[in-house]
Amino acid sequence: MDQYKSREARIEELKYLLADKKLDELSDLLNRTNPVDIVECIEDLTAEEALVLFRLLKKEDAVEVFADLDQTEKEKLQEGLNEDEFKELLDDLNFDDMIDTLEEMPATMVQEILKTSDSETRDLVNEYLQFPEDSAGTLMTTEFVEVTADMTVAETLAMLEEVGKDKVTVYTCYVTDGTHKLLGYVSLRMIVTREPDTKISELMYEDVIYVLTTDDQEDVAHTFQKYGFTALPVVDNTNRLVGIITVDDIMWIIEQEDTEDFQRIAGTTPEEEDYSRMSPWQLAKNRIPWLMFLMISGAFTSTILRRYEDVIQTVIALNMFIPMLTGSGGNAGSQASTLVIRAMATHDIEPSDWAKVVIKEITVGLICGLALGAVAFLKCYFFDKVAVNVALVVALTILAIVVLAKAIGALLPIVAEKLGADPAIMASPLITTIVDSLGLIVYFNIAQAILPGLGV
């Protein structure tokens, strides 16, 4: 907590020195401030203030700060920097950060920048920009350490001393052949603890985990989580090593994917910008389609009520329990769907497990339904003072709805996955709408079966 307060105080001090134009003191404080905190400070400044502060940063800090800024803030700085300053900044960025920046820029501007780049950089950039969106190819960087199996420990250490400062990580060296095909990897720890004349072929691990350039970023994130890597090699379809993905990049992807799932579970279109940066109109625009769809879907409820209008008029008491029944069903379905969606996201379950999952949720539904039904019966009979047969209708309906909702909540996300859709779309709002309609049909059919004079 003290550290958090200290960080907040430092950010406020940065803003104060900038406002008072005490640039020497500001420059000194920037040198002692974590670049992550500088990013937070820049996000609260005007374009002019942000540019002044950015130009006071040390070169290496400026590169790190720019890489961590979101696209809006990058554009704010880019407009103030002259062409040479911006080109130099791009050249100093890690390759993956440079690609991320270029991807968000207008095509004409990217072409102008590439005109002044060397042919090798130009070819690499063009290759990276053609990878499918949200694929491993768009996340990787080319700044990795590549060694051959016939190199010695001494040769590897000499190479690391020469090129290490320009690489994203040196803790894992990737072993390739003459055509850059991935053969294995060797850790820095293994290298520095062996005799200088030891061959890399004697130290390398051949069972190397990798991803393809076309693999989806969510699958890449799962691989990181499963194996606990800090870096992961990326190969093309000929097993040629073309880049690596580092854990700092994948942490952002994990957060992004989780955020998208939560947004879909909440019944809204995933939003690329942060909530605090979006206008009410932007937020409403992303929510209206789902709300409209759910509203129209909910119209089935009124159709069902109209069909069973005679039943409701005959036993008025049935009407007062509808909110409790639909609410219980919606809640039960939401619980099941949320847990199944999360289990699928973490690969705890697969679509092929659908039968096992549904059976488990039906069992859970029976246990929960019996408990809720018993309490509902007692409430209806003793507190609401309705007839025993009406209380029994409500109790049996609660049991049936909860079991049905659990089964539907478990099955629909799996069906979505099998159809190639995001399972998160089968979340609370949609499950609730479906269960509401089915629950009412169950309710009135049980009433017709049990209550005298309602049979058809």
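Strand β1 (residues 145-148) runs parallel to strand β2 and pairs with it over four bridges, where two strands are taken to pair if DSSP finds at least two bridges between them. The model is a predicted one, in which local features need pLDDT of at least 70 and side-chain atom pairs count only at pLDDT 80 or more, while totals for chains, interfaces and linings use all residues. Residues are numbered from 1 along each chain as its sequence is written, and side-chain values use heavy atoms, with hydrogens and water left out. The chain has 23 helices and six strands in its secondary structure; helices (H or I, at least four residues) and strands (E, at least two) are DSSP runs, numbered from the N terminus.

**The chain overall**

- Of the 456 residues in the chain, 44% are buried, where buried means under 20% relative accessible area, exposed over 50%, and partly exposed in between (1.4 Å probe, protein chains only).
- When contacts between residues at least 6 apart in sequence are considered, 65% of them join residues at least 24 apart; contact here means heavy atoms within 4.5 Å.

- Strand β2 (residues 172-176) is mostly covered, with five of its five residues buried.

- Three strands, in the order β4-β5-β6, make up an open sheet with mixed pairing.
- Strands β4 (211-212) and β6 (241-246) are the edges of this sheet, and each has a single partner strand, so one side of each is left without a neighbour in the sheet.
- Strand β5 (residues 231-235) pairs with β6 in the antiparallel sense, over five bridges, and proline 233 has isoleucine 244 in β6 as its bridge partner.
- Helix α15 (residues 217-227) packs on the sheet and touches β4, β5 and β6, its direction making about 140° with that of β5; axes are lines fitted to C-alpha atoms, for helices over the stretch in contact, and angles run from 0 to 180 degrees between N-to-C directions.
- Asparagine 239, in the loop between β5 and β6, has a phi near 70°, which is a positive value in a residue other than glycine; asparagine 239 is partly exposed, with a relative accessible area of 25%.

**Helices α3 and α5**

- Helix α3 (residues 35-42) packs against helix α5 (residues 59-68) at an angle of about 55°, and their axes are 9 Å apart.
- This angle makes α3 oblique to α5, given that angles under 35 degrees count as roughly parallel, over 145 as roughly antiparallel, 65 to 115 as roughly perpendicular and the rest as oblique.
- The crossing of α3 past α5 is right-handed, a crossing being left-handed if the near helix is turned anticlockwise from the far one by less than a right angle, and right-handed if clockwise.
- From α3, the residues Pro35, Val36, Ile38, Val39 and Ile42 meet Asp61, Glu64, Val65 and Asp68 of α5.
- By class, this contact of α3 with α5 has six nonpolar, no polar and three charged residues, where Ala, Val, Leu, Ile, Met, Phe, Trp, Tyr, Cys and Pro count as nonpolar, Asp, Glu, Lys and Arg as charged, and the others, Gly among them, as polar.

- Helix α20 (residues 322-345) and helix α22 (residues 388-418) cross at roughly 30°, and their axes come within 8 Å, which makes α20 roughly parallel to α22.
- The crossing in which α20 passes α22 is right-handed.
- Residues of α20 including Met324, Leu325, Ala332 and Val340 meet residues of α22, among them Val394, Ile398, Ile401 and Ile414, and the contact of α20 with α22 divides into 15 nonpolar, seven polar and two charged residues.
- Isoleucine 349, in the loop between α20 and α21, is buried, with a relative accessible area of 13%.
- Leaving aside neighbours within four places in sequence, isoleucine 349 is in contact with Val340, Ala343, Met344 and Val357.
- Lysine 385, placed in the loop between α21 (354-383) and α22, has a positive phi of about 60° although it is not a glycine, and lysine 385 counts as exposed at 66% relative accessibility.
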